[in-house]
Amino acid sequence: MSTIELTKDNFDQIVSENNFLLIDFWASWCGPCLRFAPVFEQASERHPDLVFAKVDTEAEQELAAAFEIQSIPTLMIVRDKVAVFAQPGALPETALEDVIGQARALDMDAIRKSIEDGKPSA
């Protein structure tokens, strides 16, 4: 599956319509971003049940600011409208697969309860 371009105009709709979203915050001038792009694209092909999206931080500065993106590339995973992972740096393929597996295994009911209780999840 190819990646979706996220913008401030379609962000809310894409997040609300998909329960598992991987977002790559990137820029065209960023060398590590360009090296991470094929790893991200290949993962999207291996996981057709997940939605992979990219945010061009130069074109979408408001989105980047809203998520306090300070370094690129930054990978964010949103499950059930909750950001469950965010990490700067170009992940190698094995690390990306590991993160996807961990995000799949999360107990979202427990995470939502922990948010409601105001406690960080374990």
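View 1. Phe 11, at 10%, counts as buried. This is a predicted model, where local features need pLDDT of at least 70 and side-chain atom pairs count only at pLDDT 80 or more, while totals for chains, interfaces and linings use all residues. Residues are numbered from 1 along each chain as its sequence is written, and side-chain values use heavy atoms, with hydrogens and water left out.

Rings of Phe, Tyr and Trp (its six-membered ring) pair if their centres lie within 6.5 Å; planes under 30 degrees apart are stacked, over 60 edge-to-face, and the rest tilted. By that rule there are 4 aromatic pairs. One of them joins Phe 11 and Phe 67, a tilted pair at 5.3 Å centre to centre with 55 degrees between the planes. Phe 11 sits in helix α1 (residues 11–17) and Phe 67 in the loop between α3 (61–66) and β4, so the pair ties together parts 56 residues apart in sequence.

View 2. Phe 40 belongs to helix α2 and Phe 52 to strand β3, 12 residues apart, so to speak a link between distant parts of the chain.

View 3. Helices (H or I, at least four residues) and strands (E, at least two) are DSSP runs, numbered from the N terminus. Two strands pair if DSSP finds at least two bridges between them. The open sheet has 5 strands in the order β1-β3-β2-β4-β5, with mixed pairing. At its edges are β1 (4–5) and β5 (82–88), each pairing on one side only. Strand β2 runs antiparallel to β4 (residues 74–79), joined by 6 bridges, with Leu 21 opposite Val 78. With β3 (residues 51–56), β2 pairs in the parallel sense, also over 6 bridges, and Ile 23 stands opposite Ala 53. 7 of the 7 residues of β2 (residues 20–26) are buried, so the strand is largely enclosed by the rest of the structure. Phe 20, Leu 22, Asp 24 and Trp 26 point one way, and Leu 21, Ile 23 and Phe 25 the other.

**View 4. Two nonpolar cores.** A nonpolar core is a set of buried Ala, Val, Leu, Ile, Met, Phe, Trp, Tyr and Cys residues joined through side-chain atoms within 4.5 Å. The largest one holds 16 residues, and Leu 22, Phe 52, Leu 75, Ile 77, Leu 96 and Ile 100 have the most contacts inside it. β2, α2, β4 and α4 (93–105) each supply at least two of its residues. A second, separate core of 15 residues includes Ile 14, Ile 23, Val 51 and Ala 53.

**View 5. Ser 44 in its helix.** Ser 44 is found in helix α2. At 0% relative accessibility, this serine counts as buried. Its side chain reaches the backbone oxygen of Glu 41 at 2.6 Å.

Notes
Buried means under 20% relative accessible area, exposed over 50%, partly exposed in between (1.4 Å probe, protein chains only). A polar contact is a pair of N or O atoms within 3.5 Å; within protein, one must be able to donate a hydrogen and the other to accept it, and residues adjacent in sequence count only if both atoms are side-chain atoms.
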